[in-house]
Amino acid sequence: MLMPTHQHRGFTLVELIMVIVIMAIIAAVVAPLIGGKYGAVIQSTERAKWVQQAEIGFFLMRRDLARAVPNSVFTSGTSGGNDQIAEFLFRDLGEPDFAYRYRHRQFNPWDRLQPNNDSSFDVFGSPGEYGPHTGLAQPPLYVSIGAESAADVRSSWENLFTSPDGDIAPVGDITNQAGENGNPIANVTIDHDDDGSADNHDFDGHSPHYRAYFTNGPVAYRCLDGQLQRIHGYNVLSNQPLATRLSSIRTGNNPVVSRALDNVLSCSFRVIPGQSYQPPSLEVMLEIGEGSESIRLIDTIQLENGA
């Protein structure tokens with residue numbers, strides 16, 4: 001009896017080549033789709049991170065500008081048609097409120113402000129007494145009344161230590177008083193020569209709503225070396241370039257440069273004048289990214305103290 005035989009047959013060379021070609025075609029079609037989606041996920045993640053970083057920068061600027069002296073914001077550092085530096089007078093966070101109503105009419109025994117020539121005046125409120133027993137190291141360094149533009153502020157600041165007139169005056173001391181009908185009142189003295197005695201000052205006029213704005217000096221935001229930097233602790237405010245002013249600060253002041261953002265490719269600042277029922281604003285553009293990938297975000301920050 002004959003036993004059945006089994007024939008074992010494999011792939012031919014032609015069939016193998018056809019399979020390889022088909023797999024190559026499939027890979028060529030599918031791989032870009034998968035890779036593209038994966039790359040899009042990576043890019044989306046990076047962009048979300050940059051958006052979050054930019055929001056941190058916008059938040060820091062909004063927070064500082066909320067305590068800015070009215071009409072003190074200006075831009076400079078022009079490069080390629082864009083202003084890359086924004087500066088303004090600022091009251092440090094953690095200090096008492098920076099704006100107080102002052103008395104503008106005679107009401108003895110309290111002191112009203114005579115803007116054309118006065119050495120002290122009362123404000124409604126309690127900015128705080130300063131000294132070892134209070135925990136407040138020193139009063140705010142300066143007070144601004146009647147500022148109408150950033151140009152006026154810069155001019156007053158340049159003459160602050162040489163001329164007893166302008167929109168800004170150095171504060172000598174703040175003393176809380178008994179007040180009127182139980183409401184707190186504080187007396188503010190002006191001291192130009194820092195000798196402890198009150199000196200007369202000639203403000204340019206009254207502020208809207210009769211508010212006095214206290215400040216410890218300027219703050220700047222600038223783009224430099226791939227960073228958005230925040231600078232404070234300097235006291236030279238003029239039309240000179242910021243770098244020049246930082247290199248020639250007055251004795252006893254050390255500018256503090258802190259890094260607000262990294263991966264900044266470019267930025268620009270623009271002050272938009274106010275209109276009826278619309279306060280002025282600061283337009284901020286930030287471009288953030290790495291290599292060939294970047295995003296550009298624009299935020300318009302209202303200067304609510306601008307009037």
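## A tour of the buried rings and a disulfide

Select Phe 121 to begin: with a relative accessible area of 0%, this residue is buried (buried means under 20% relative accessible area, exposed over 50%, partly exposed in between, using a 1.4 Å probe and protein chains only). You are looking at a predicted model, in which local features need pLDDT of at least 70, side-chain atom pairs count only at pLDDT 80 or more, and totals for chains, interfaces and linings use all residues. Residues are numbered from 1 along each chain as its sequence is written, and side-chain values use heavy atoms, leaving out hydrogens and water.

**Stop 1: aromatic rings**

What does one aromatic cluster hold here? Tyr 102, Phe 121 and Tyr 210 form it.

Searching the whole structure gives 5 aromatic pairs (rings of Phe, Tyr and Trp, the last by its six-membered ring, pair if their centres lie within 6.5 Å; planes under 30 degrees apart are stacked, over 60 edge-to-face, and the rest tilted). For one of them, show Phe 98 and Tyr 213: their ring centres are 6.0 Å apart and their planes at 45°, so the pair is tilted. Phe 98 sits in the loop between strands S2 (82-90) and S3 (99-101), while Tyr 213 is in strand S8 (residues 211-215), 115 residues apart. (Strands, E, at least two residues, and helices, H or I, at least four, are DSSP runs numbered from the N terminus.) Phe 98 is buried at 8% relative accessibility, and Tyr 213 is buried at 7%.

Return to Tyr 102 and Phe 121: their ring centres lie 6.2 Å apart with planes at 75°, so this pair is edge-to-face.

**Stop 2: a charge over a ring**

Select Arg 230 and Phe 90. The charged end of Arg 230 sits over the ring of Phe 90, 5.4 Å from its centre (this needs NZ of Lys or CZ of Arg within 6 Å of the ring centre and within 35 degrees of the ring normal).

**Stop 3: the disulfide**

Which cysteine does Cys 223 join in a disulfide? Its partner is Cys 267, with an S to S distance of 1.7 Å (a disulfide is a pair of cysteine sulfur atoms within 2.5 Å). Cys 223 lies in strand S9 (residues 217-224) and Cys 267 in strand S12 (residues 264-272), so the pair ties together parts 44 residues apart in sequence. The torsion about the S-S bond of Cys 223 and Cys 267 is about 140°, so the disulfide is right-handed. Cys 267 is buried at 2% relative accessible area.
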